Amino acid sequence: MPKGFVDFQSKTKNPEHRAVNDVAPEEVLKLKDQVCLVDVRRSEEFVGELGHIDGAQLLTLDEIPRNFAQLPKDRTIVCICRSGGRSGHAAAFLAENGFTSVFNMRGGMLLWNEMGLATQRGDEI
């Protein structure tokens, strides 16, 4: 792996997007300080009941086509949403636009919360 990139042991092919691998929430937690976490939900979801992962940046799915250039191409990116669907689309879009190390978090924030992993809530943006 080139410097700045992380490889996930838990990666599996995304069923909807051939160019995307899904990764397990527990491995995202373990490696979260080494990757760029991009939450693609709406802002009210980001601060809502499911919360968000500490350190994640909010870049909604509809903003990605206009603002993806602000994301680092020299770091691994993990896309996150509520259940893994929107983030799969975001990861596929980034892969199609030159990002070489981009992943989708399997199960999204629903699974993250189900596993009891730590979240930030409210106006902790």
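Begin by selecting Glu-45, which is found in helix 2 (residues 43-46); helices (H or I, at least four residues) and strands (E, at least two) are DSSP runs numbered from the N terminus. This is a predicted model, in which local features need pLDDT of at least 70, side-chain atom pairs count only at pLDDT 80 or more, and totals for chains, interfaces and linings use all residues. Residues are numbered from 1 along each chain as its sequence is written, and side-chain values use heavy atoms, with hydrogens and water left out.

Glu-45 is buried, with a relative accessible area of 15% (buried means under 20%, exposed over 50%, partly exposed in between; 1.4 Å probe, protein chains only). Display Gly-51, Arg-82 and Arg-86, which Glu-45 touches, not counting residues up to four places away in sequence (contact means heavy atoms within 4.5 Å).

Six of them form an open sheet in the order 1-2-6-5-3-4, with mixed pairing (two strands pair if DSSP finds at least two bridges between them). Strand 1 (12-13) and strand 4 (57-58) stand at the edges with a single partner strand each, so one side of each has no neighbour in the sheet. Strand 1 pairs with strand 2 (residues 21-23) in the antiparallel sense over two bridges, and Lys-13 stands opposite Asn-21 in strand 2.

Finally, select Ile-53. Its contacts are Lys-32, Leu-37, Ile-80, Met-105, Met-109 and Trp-112, not counting residues up to four places away in sequence.
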